[in-house]
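Today I am looking up the packing and the ring pairs of one model.

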Amino acid sequence: QVQLVESGGGLVQPGGSLRLSCAASGSFFRLSIMRWYRRAPGRERELVAGITSGGTTNYADSVKGRFTISRDNAKNTVYLQMNSLKPEDTDVYYCNGYIVTDLGRPPYEYWGQGTQVTVSS
């Protein structure tokens, strides 16, 4: 059973920083494209950032210049470094990934359980 487990969320003051981690566990061959989403209750899910297996990244306009997505393939972990946090960044952040569990099949999509980020003074 493959799982994505997020950590690193919490309460931070405006202007502060947090680093989220998403660790993949279980039986699989490799991680493919990995993404971070966020969604507050009553709002649409928003793609925050993505990173390919080769390291190509993309970001939502709202976080460009403040957030950085990275990955450590040896540790099967993806990170989201969040700097200059704003109250509007308050959300539940979800890790999403396509993971190769069978070399003869396309990668499957998995979601983490989410981690709360609250930006408030």
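I count a contact when heavy atoms lie within 4.5 Å. With that rule I looked up L80, leaving out residues up to four places away in sequence: L80 touches L18, R19, L20, W36, V48, A49, F67, T68, I69 and Y93.

A note on ground rules. This is a predicted model, where local features need pLDDT of at least 70, side-chain atom pairs count only at pLDDT 80 or more, and totals for chains, interfaces and linings use all residues. Residues are numbered from 1 along each chain as its sequence is written, and side-chain values use heavy atoms, with hydrogens and water left out.

Next, the core. I take a nonpolar core as buried Ala, Val, Leu, Ile, Met, Phe, Trp, Tyr and Cys residues joined through side-chain atoms within 4.5 Å; buried means under 20% relative accessible area, exposed over 50%, partly exposed in between (1.4 Å probe, protein chains only). The largest one has 28 residues, and W36, L80, M82 and Y93 have the most contacts inside it. Strand 3 gives the most to this core, four residues. Strands here are DSSP runs (E, at least two residues), numbered from the N terminus.

Then I searched for aromatic pairs (Phe, Tyr and six-membered Trp ring centres within 6.5 Å; planes under 30 degrees apart stacked, over 60 edge-to-face, the rest tilted). The whole structure holds one. The rings of Y37 and W111 have centres 5.1 Å apart and planes at 50 degrees, so I logged the pair as tilted. Y37 is in strand 4 and W111 in strand 10 (residues 108–111), so the pair ties together parts 74 residues apart in sequence. Y37 is buried at 13% relative accessibility, while W111 is partly exposed at 33%.
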